[in-house]
Amino acid sequence: MSLFDVQNVSFTYGRGKSALNDVSLRLTAGRNLGIVGESGSGKTTMLRLLLGLTRPSIGEVLLKGERLDPSNKAFMRGFRRQVQAVFQDPYSSLDPRQSVFDIIAEPIRSLKLEGDLKSMIRDALLSVGLDESAGSRYPHEFSGGQRQRIAIARAIVSRPEIILADEVVSALDLSTRVRIVELLKKLSSTVTLVLVSHDISLVALLCHDLVILERGRIVESGPTIEILKNPQHPYTRALLASTPRLPDYV
């Protein structure tokens, strides 16, 4: 089943500067998608389009066949139920004034989800490897990796179908990255991931399909294994050449 369909999307900002140019891609249920490119490639703009934070200048973004329309409040309520995000910096994405309990409770309350609040938060914390007692503490009391786990718990507590993860491990040390990657791999059995990253080796570990962006254009797309084994575009080959470590199957 198709979840996201991006159809011939372009986005232009400021003085006619193009961030995306005639981009099309599809997210299929159960197949994690990696969007890879260097700074300035259009990754952030693509993420904002998928989150409904930015409208395309040309083209459409569809969720299950329905046009993503940020001005349609009814649609966006359903959208937020289905789509959640985890961002790069786990500290700035968490309100330091709120307890972990209230941080994770926010989507439950805003979406008016049914169920026992305490049980839902406990289950979310346990699913990311944190104890229920974490709920009474505040973000500054946790390490960077633990804060990212809290951010992931907030994303999954509403049981979305899609999680958009933006450079989700780039602010973490190597050992913590490994644990977060393992957690994401586990979670991807129940949600479909869109992983936005400059790190092609990370995407190779988690994503079935891969899109390579360069200067706002898709230069290569397809199954991850095929692209990594036989890259066709010079930009893809350059990314692979600059990557120190790839999975064993490449």
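This is a predicted model: local features need pLDDT of at least 70, side-chain atom pairs count only at pLDDT 80 or more; totals for chains, interfaces and linings use all residues.
## Overall fold

The protein chain has nine helices and ten strands. Its radius of gyration is 18 Å, close to the 18 Å that the globule rule gives for 250 residues, so the chain is as compact as a globular protein of that length. Along the principal axes, the C-alpha atoms fill a box of roughly 50 × 45 × 35 Å.

Of the 250 residues, 50% count as buried. Contacts were also sorted by sequence separation. Among those between residues at least 6 apart in sequence, 64% join residues at least 24 apart.

## Surface and charge

The chain exposes about 12,400 Å². Carbon and sulfur atoms supply 47% of that area.

There are 32 positive and 27 negative side chains. The centres of the two sets lie 3 Å apart. Side chains of opposite charge can pair when their charged atoms come close. The structure holds nine salt bridges.

## Two bridges across the sequence

One of the salt bridges joins Arg 31 and Asp 209, with the closest N and O atoms 2.8 Å apart. Arg 31 sits in the loop between β2 (17-28) and β3 (33-36), and Asp 209 belongs to strand β9 (residues 209-214), so the pair ties together parts that are 178 residues apart in sequence. Arg 31 counts as partly exposed, at 33% relative accessibility. Asp 209 counts as buried, at 15%.

Lys 64 and Glu 161 form another salt bridge, and here the closest N and O atoms are 2.5 Å apart. Both residues are in loops: Lys 64 between β4 (58-63) and β5 (66-67), Glu 161 between α5 (144-156) and β7 (162-166), so this pair ties together parts that are 97 residues apart in sequence. Lys 64 is partly exposed, with a relative accessible area of 37%. Glu 161 is partly exposed as well, at 29%.

## A salt-bridge network

Arg 55, Arg 67 and Asp 69 are linked in a network of salt bridges.

Helix α1 covers residues 43-50. Six of its eight residues are buried, so the helix is largely enclosed by the rest of the structure. The buried residues are Lys 43, Thr 45, Met 46, Leu 47, Leu 49 and Leu 50.

Gly 52 follows α1 and has a positive phi, near 75°. This glycine lies in the loop between α1 and β4. Gly 52 counts as buried, at 10% relative accessibility.

Which residues touch Gly 52, leaving aside its neighbours within four places in sequence? Gly 52 is in contact with Leu 68, Pro 70 and Phe 79. A further distance places Gly 52 relative to Asp 5: the two are 47 residues apart in sequence and 13 Å apart in space, C-alpha to C-alpha.

Methods: Residues are numbered from 1 along each chain as its sequence is written. Side-chain values use heavy atoms; hydrogens and water are left out. Helices (H or I, at least four residues) and strands (E, at least two) are DSSP runs, numbered from the N terminus. The radius of gyration is taken over C-alpha atoms; the globule rule is 2.2 Å times the number of residues to the power 0.38. Buried means under 20% relative accessible area, exposed over 50%, partly exposed in between (1.4 Å probe, protein chains only). Contact means heavy atoms within 4.5 Å. Accessible areas come from the Shrake-Rupley method with a 1.4 Å probe; for residues, only the protein chains shown count as cover. Lys and Arg count as positive and Asp and Glu as negative; His and the chain ends are not counted. The place of a charge is taken as NZ of Lys, CZ of Arg, CG of Asp or CD of Glu. A salt bridge is a side-chain nitrogen of Lys or Arg within 4 Å of a carboxyl oxygen of Asp or Glu.
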